[in-house]
Amino acid sequence: ETGAGGVWVRTMATMMQAQQSIRRTNSRLSREGSSRVYATVPGALEKERGGAEGPSNDCEGCLNIVRGQIVLTCMLVFVPLGWAAHLMEMDAPYVFGLNFMAIIPLAWLIGKATEDVAASVGQTLGGLLNATFGNVVEMLICVAGIRNNEIVVVQCTLLGSILSNLLLVLGTAFLVGGCFKKTQTYSQQGAATQCTLLAMTVFAIGLPTIYANILRQDEEWEHMVQVSRWSSIFLLFTYCAYLYFQLGTHRSLFESPEEDEEEEEPPDLSPCTAAMLLGCVTVVTTYSTDFLIGALKGTVESLDISKEFVGIILLPIIGNAAEHYTAITVAMRNKMDLSLGVAAGSSCQMGLLVTPFTVLVGWAYGAEMTLNFHAFQLAVLLFSVFLVTTILNNGRSNWLEGYILLITYLVVALVYFFEGTGEDASLATLD
C-alpha cells in the first residue's frame with residue numbers, strides 16, 4: 001500500500017496494537033518485580049492468554065491490582081473524604097482539592113476495569129469499550145461543567161487535555177527516553193498521520209472561532225452555534241467510520257504476527273466483576289466530578305487563580321495520569337511507537353470524539369457550548385500542533401526535543417497562571 005491510504009492503515013494499526021503492547025509490557029514488568037502499568041489507549045483487545053496463568057479468583061485478582069499500584073490504591077481514601085467535604089459544606093478549596101485527588105485513582109480504576117472487560121469480550125466489542133471509556137473522566141468533567149454553566153472551563157479542559165498530551169506527556173517521554181538511548185526511532189508515516197488528525201482538529205475548532213470573531217452580529221453568533229453543532233455531528237461520524245474501519249472491514253490490517261508471539265498478561269478480574277467495578281466506579285466518579293466543578297468558583301476566588309489555569313493545566317492531570325505514566329514507561333524501554341500512540345493518539349481522540357461529544361451534550365442541555373474557543377486559545381493550539389509536527393517530521397527523537405516540548409508547556413502554563421482572575425482579564429473571553 002502506498003500514499004495516504006497506506007499511511008492511514010499503518011498508523012491505525014499502531015494505535016490498534018497499543019493496548020495489546022501495554023498488556024504484554026505489564027506481564028514482563030510483573031515478572032521483573034516492577035510495578036505494572038494500567039492505562040486505556042484507543043484501540044481493541046483480543047483475548048490472548050499466551051500461556052500465562054491468571055489469578056485463580058477475583059479476590060486474588062484484586063490483590064494483584066492493589067499490589068501493582070500501591071500509591072493509587074492508597075489515594076482512594078480521598079474519595080470518601082471528598083464526599084464528606086461536600087456534604088459538610090466545607091470551604092470550596094478543600095472540596096475541590098479532595099475531589100481532585102479522588103478522581104485520579106478513580107480514573108485508574110476505570111482504565112483497569114475497562115481493560116479487563118475488553119480482554120474478555122473479544123476484539124471488536126473490546127475496541128468499542130476502550131473507545132467509549134478511554135476518555136470517560138474527561139467526558140464526565142465536561143458534562144459537570146456544562147450542568148454548572150462553566151462553559152469556559154469546559155473548553156479549557158478540552159484544550160488542556162490536547163496540550164497536556166502533546167507537550168507535557170510527549171515531551172517527558174522524549175526527554176526520559178533520550179536519557180536511556182541517545183536517539184530513538186518511530187514510524188515517520190504513522191507520526192505524519194497523527195499530525196494530520198491534529199490538523200483536522202485545529203481546522204474544526206478554527207473555522208467557528210474565526211467565523212465568530214470576524215462576524216460579530218448576534219445573528220451570526222446563532223449561525224456559529226448551529227455550525228458548531230452540525231460540525232460536531234460530522235466529526236463523530238468520522239470517528240465512528242474510523243472505528244468501523246479499524247474493528248470491522250479491515251480488522252486483519254491491524255493484526256501483527258510478531259506481537260502475537262509475545263506473552264500477554266491475563267486479566268485480573270472476571271468479566272462480570274470487571275463490568276460491575278466499571279459501572280460502580282463510573283457512578284462514583286460522576287458524583288466526584290460534580291462536587292469538583294461545583295466548588296470551582298469558590299476555589300478560584302479564594303486562591304486568586306484563573307478558571308483558565310484550572311481548566312488547561314490542572315484538570316487534564318486527573319484523567320490523563322495513567323496514560324502519562326504509560327507513555328513515559330514505555331519510552332524508557334525504547335518503544336517509541338507505542339509512546340507516541342498513547343500521547344498523540346489521545347490528543348486525536350480528544351479532538352475528534354470528546355470535543356464534539358461535549359458540544360452535543362451542551363445542545364441537549366440548552367447551553368451554548370460551541371467550537372468557538374476564542375482566538376487566543378486557537379493560537380495556542382495551532383502553535384503547539386505546528387511545533388509537534390515540526391519535531392515529528394523525521395522519525396527520530398532525542399532528549400533535546402523533549403526538553404523543547406516541556407519548556408513550551410511551561411510557557412503556556414505561566415501565561416495562564418499569571419493572567420488576571422476578573423472576567424475582563426480572561427484570555428478565554430477577551431475580545
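This is a predicted model: local features need pLDDT of at least 70, side-chain atom pairs count only at pLDDT 80 or more; totals for chains, interfaces and linings use all residues.
Okay, let's start with the helices. Find α9, which covers residues 188–214, and α16, residues 375–391; their axes come within 10 Å of each other and cross at roughly 160°. Anything over 145 degrees counts as roughly antiparallel, so that's what we call α9 relative to α16. The crossing itself is left-handed.

So who's doing the touching? From α9, the contact uses Cys 195, Leu 198, Ala 199, Val 202, Ile 205, Gly 206, Thr 209, Ile 210 and Asn 213. Across from them, α16 brings Ala 375, Leu 378, Leu 381, Leu 382, Val 385 and Thr 389. And how do those contact residues of α9 and α16 divide into nonpolar, polar and charged? You get 11 nonpolar, 4 polar and no charged.

As background, most residues other than glycine have a negative phi. Now look at Glu 89, in the loop between α4 (78–87) and α5 (92–121). Its phi is near 55°, a positive value, and Glu 89 isn't a glycine. Is Glu 89 buried or exposed? Its relative accessibility is 71%, so it counts as exposed.

Then there's Asp 304, which you'll find in the loop between α13 (296–303) and α14 (307–332). Asp 304 also isn't a glycine, and it has a positive phi of about 55°. With a relative accessibility of 54%, Asp 304 counts as exposed too.

Last topic: the aromatics. Searching the whole structure turns up 9 aromatic pairs. One of them is Trp 83 with Tyr 287, a tilted pair with ring centres 5.5 Å apart and 55° between the planes. Here's the bit to check on your screen: Trp 83 sits in helix α4 and Tyr 287 in helix α12 (residues 271–294), so this pair ties together parts 204 residues apart in sequence.

Another pair to look at is Phe 417 and Phe 418. Their ring centres are 5.1 Å apart and the planes sit at 85°, so that one is edge-to-face. Phe 417 is partly exposed, at 41% relative accessible area, whereas Phe 418 is exposed, at 63%.

Notes: Residues are numbered from 1 along each chain as its sequence is written. Side-chain values use heavy atoms; hydrogens and water are left out. Axes are lines fitted to C-alpha atoms, for helices over the stretch in contact, and angles run from 0 to 180 degrees between N-to-C directions. Helices (H or I, at least four residues) and strands (E, at least two) are DSSP runs, numbered from the N terminus. Angles under 35 degrees count as roughly parallel, over 145 as roughly antiparallel, 65 to 115 as roughly perpendicular and the rest as oblique. A crossing is left-handed if the near helix is turned anticlockwise from the far one by less than a right angle, and right-handed if clockwise. Contact means heavy atoms within 4.5 Å. Ala, Val, Leu, Ile, Met, Phe, Trp, Tyr, Cys and Pro count as nonpolar, Asp, Glu, Lys and Arg as charged, and the others, Gly among them, as polar. Buried means under 20% relative accessible area, exposed over 50%, partly exposed in between (1.4 Å probe, protein chains only). Rings of Phe, Tyr and Trp (its six-membered ring) pair if their centres lie within 6.5 Å; planes under 30 degrees apart count as stacked, over 60 as edge-to-face and the rest as tilted.
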